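Morning, everyone. I have one structure to go through today, so let me put it on the screen.

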Amino acid sequence: MEFQPVFAGAEISIVNTIWYLIVFAILLVAVKHYAWGPVKDMMEKRRQKVIDDLDQAASDRKKSETLANEREAALKNSRQEATQILSDAKDNAQKTGKQIVSEANDEASQIREKAKADAVQAKADALQEARDQVADLSVTIAEKVIAKNLSAADQKELVDQFIKGLND
């Protein structure tokens, strides 16, 4: 059996095949020497850049998670502080309200005591004035009845005795 070429008129000779293999080997050596190193370096740089980018992305993600947690903690802390401030303000308002009421009650008590003291003094003054008027009236009446003049000291003593008799 003889080898028949697929294409008519195309003959593959051993010399041509060897020539093609030699040219192919030369091209492989040239590609390896001139192109393979730079391509390999470029691919290594690209691989390293991808690794660095992935590491940077993971680092950025961790930082963003940390910052988010810190913001959440700060927000929670702010809410607690706001609640505490409101609570303190309410407590202060209640204390101030109680203090104002207490001071008003104390002031009202002082006013009542002063009013009582003023009333007692006014009563005493009124009694004294009434005594003096009664004494003067009594002296005038007594002078007319007795038809004699008493000394002022005698008249006063007489009136005081008369008033003491009224109080008993």
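Val159 counts as buried because its relative accessible area is 4%, and the cut-off for buried is under 20%. Keep in mind that this is a predicted model.

Where does Val159 sit? Val159 is part of helix 2, which covers residues 152-167. Which residues does Val159 touch, once neighbours within four places in sequence are set aside? Those contacts are Arg131, Ala135 and Ser138. Take Arg131: it is 28 residues away from Val159 along the chain, and the two C-alpha atoms are 7.7 Å apart.

Now the chain as a whole. The protein chain contains two helices and zero strands. It has 168 residues, of which 4% are buried. The chain exposes about 15,300 Å², and 61% of that area comes from carbon and sulfur atoms.

Helix 1 runs over residues 14-146, and Trp19 is found in it. Is Trp19 buried or exposed? Trp19 is exposed, because its relative accessibility is 53% and the threshold for exposed is over 50%. Trp19 also belongs to a nonpolar patch on the surface, together with Ile14, Ile18, Tyr20, Ile22, Val23, Ile26 and Leu27. Taken together, the residues of that patch have about 860 Å² of accessible area.

An unreviewed UniProt entry annotates residues 18-37 as "transmembrane region". That is what the record says, and such annotations may be inferred rather than shown by experiment. In the model, the span of residues 18-37 is 100% helix and 0% strand, with its end C-alpha atoms 27 Å apart.

Next, the charged pairs. How many salt bridges are there? The count is four, and I'll go through some of them.

One of them joins the side chains of Lys49 and Asp53, at 3.0 Å from N to O. Lys49 and Asp53 are four residues apart in helix 1, so about one helical turn separates them. Lys49 has a relative accessible area of 44%, so it is classed as partly exposed. Asp53 is partly exposed too, with a value of 40%.

Another salt bridge pairs Arg61 with Glu65, and here the N to O distance is 3.5 Å. Arg61 and Glu65 are also four residues apart in helix 1, which means a separation of about one helical turn. Arg61 is partly exposed, at 46% relative accessibility. Glu65 is partly exposed as well, with a relative accessible area of 41%.

Then there is Asp118 with Lys114, where the closest N and O atoms of the salt bridge are 3.6 Å apart. Why are Asp118 and Lys114 separated by about one helical turn? Because they are four residues apart in helix 1. Asp118 is partly exposed, at 41% relative accessibility, whereas Lys114, at 54%, counts as exposed.

To recap: the chain has two helices and zero strands, with 4% of its residues buried.

Note on methods. Residues are numbered from 1 along each chain as its sequence is written. This is a predicted model: local features need pLDDT of at least 70, side-chain atom pairs count only at pLDDT 80 or more; totals for chains, interfaces and linings use all residues. Side-chain values use heavy atoms; hydrogens and water are left out. Buried means under 20% relative accessible area, exposed over 50%, partly exposed in between (1.4 Å probe, protein chains only). Contact means heavy atoms within 4.5 Å. Patches are made of residues with over 30% relative accessible area and no salt bridge: like charges are joined within 9 Å, nonpolar side chains (Val, Leu, Ile, Met, Phe, Trp, Tyr) within 5 Å. Accessible areas come from the Shrake-Rupley method with a 1.4 Å probe; for residues, only the protein chains shown count as cover.
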